[in-house]
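Here's a quick tour for anyone meeting this structure for the first time. Have a look, then read on.

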Amino acid sequence: MTAWINTLLQGVMLGGLYALFAAGLSLMFGIMRLVNLAHGDFIVLSAFVILALSVALGLDPFLATLLAAPVLFFIGYALQHYLLNRTLGRDILPPLLVTFGLSIIIQNGLLEAFSADSQRLKAGAIETASISIGGGLAVGTMQLLTFASAIGVILALNFLFYRTELGRAFRATSDDPEIAQLMGIDNRHIFSLATAIAMVVIAVCALYLGMRANFDPTIGPARLLYAFEAVIIGGLGSLWGTLAGGIVIGVAQAIGAKIDPEWQILAGHLAFLAVLVLRPRGLFPRAGQ
Amino acid sequence: MTLLETRGLTAFYGDFQALYGIDLRLEEGETLAIIGANGAGKSTFLETVAGLLPAAPQSVLLDGKQIGGLPAAEIVRLGISLVPEGRRLFPSLSVEENLLIGAYGRDQAGYWSLPRIYELFPALAARRHVPSQTLSGGEQQMAAIGRALMAKPRVLLCDEISLGLAPIVIRNIYAALPRIKASGASVILVEQDIVQALEVSDRVYCFQEGRMSLTGRPADLGREQIHTAYFGA
C-alpha cells in the first residue's frame, strides 16, 4: 500500500515538471494561437544558457537562472518582434513552418556550440536531499521544489492575466485582435511581450530540467511532446488544467514504471490517448471556445 | 469648426472597391447620420476612418491634420472611437473589464470614467462583474458604447447600434445621446432605421453603392428624395 501511495506521490511531483514544460507553450498558444514547434528546443537552449552562465561565472544554477531570465526575456521579445509576428495571419501554416525550422536551427546551433555531450546543472547537496513526510514516505527536495515552482508559476501567470491591465490586454487580444486595436492596443507589442514572458517561464522550466536529469541538444522535441499532451489533457487555455494534465501524465508514467520500467513512457502517452478519446476537449475546457 | 473631414476617401477589400471617393465633414458638436441600404459602404466608411482598413494619408483629416492610414491603435489615441457593428465585446472579460480596456494604457483627463458610465447606463452597474456574454443584447450595446466612451473620444463612431434590439431598448440607448454630446463628443451614426436617424441627427448623408447619393438637414429632405437616394432611381 505504502509503495503505491509513494508511486502516486512521485507521479504527482513529476507532473509539476510537465506542467512547467507546458506553461510556456500554453501561454503562447493562448494569446496568439501560435503553435510553437520549437518550444522544447527553447527549453534546451535555455538550459544551455543557464549552464554557460553558471560555468563561466561559477554560479549556483538558481543564481544563474536569475541572470538568464532577463536575457531570455529580451531574446523572446526580439524573436517575436522580428520574426514570429511576421508569420501570424489567417493562414496557420507559416508559424508552424518557421518554428519547425527554428527547432532544427537551435538543435544544430547547440551541437556546434556545446557538442553532443550530455550536460547537467550541478546543484550540490540539494540534488539528493529528501524530506520525510511520515508513514515511511519521503519526497525528494528537488521534486518538491519543482512542483512548488510549477504552482508558483501558474499563480503568477494567473495574477498577471486576471489582475493586471496587461493581462486584460492579453485576454482581449486573444479574444478579438481586430477590436483590441480599437482600444489602443498594439497587438504586435502585446504578442512580443507574451513570448518574452513565455521565455522567462521556459527559463524556470530549464533550471529544473537541467538539475534533475542529463540533457543534450537533441532532447527538445520529446519535451515538446509532453508539453503538448499536458496542455491538451488540461484543456486549451486553462493553466490549472495544464497542471492537471501534467499530473495525469506524471502519475501514469509512475504507475507504468512500477509495473515494468519499460512501460514508463508508453503509459504516459496511453493516458493522453485515453483522455483524448473520453474528453476530446480536455479536462477543463475554457467556456465558449 | 470642422473636426473631422474625409476627402475622396476610397476603400477596398482586396480587389473589390467598397468606397468611391467619399467627401464628408463633421463639425465640432455635430451629430451626423449615415443611412443607406445594405452594402452601401456605411460600415466600411467607419472602419476606414477608425484605421481598420487602409486609407491614403490625405483622405482623412482630424483638425486639418492628415491621419488617413494610421494604425487603429494610434487613431483611437487621437480621439476617434468606434462602437463596432455587432457590439464585439471581449467574451473573456467581465463587463467592467470591457469598460476599463476602453482606456487601455492611457490615463488622460476627460469627462468619462467608470462611475460616469454607470450613471449613464445604470443597467450596467448592477452587472459589472458578470461575463460580458451573459448580458442582454441591449446591455451589451450599452457596454460597447461605454467601452468606446472610456477612450474619451472627440469623435464617436456608432455602427448600427439599434441592430436587433427591441424598440424600447433602442429608445433607452438613444436617450443617452444628449449626455454623450454634452460631454463634448461629436457623433457619426450609421443607422438602418431611417426614422431614428432623421430624428437625432443634425445632418444626414445617404450612401448608395459606395458613393454619396444625398446630403442635407433632415428637415430639408423629402421622403421621395430619400427614397431615391436610398434605393436608386
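## Strands in chain B

B:Ala11 sits across from B:Leu19 in β2(B). Strands count as paired if DSSP finds at least two bridges between them. Together β1(B) and β2(B) make a hairpin with 2 residues between them, and B:Gly14 in the turn has a positive phi of about 60 degrees.

β1(B) also pairs with β4(B), residues 60-62, in the antiparallel sense over 3 bridges. There, B:Glu5 faces B:Leu61. Strands (E, at least two residues) and helices (H or I, at least four) are DSSP runs, numbered from the N terminus.

## About the model

This is a predicted model: local features need pLDDT of at least 70 and side-chain atom pairs count only at pLDDT 80 or more, while totals for chains, interfaces and linings use all residues. Residues are numbered from 1 along each chain as its sequence is written, with chains lettered from A and ligands numbered from 1 in the order in which they are written.

## Where the chains meet

Chain B puts 23 residues into the contact and chain A puts in 16; residues are in contact if their C-beta atoms, placed from the backbone, lie within 7 Å. On chain B's side, α2 (72-77) and α3 (95-101) each supply at least two residues. The largest share, 4 residues, comes from α2(B).

## A helix in chain A

α5(A), residues 141-163, has 23 residues and reaches 32 Å from its first C-alpha to its last.

Conventions. Two residues are in contact if their C-beta atoms, placed from the backbone, lie within 7 Å. The expected span of a helix is 1.5 Å times one less than its number of residues.
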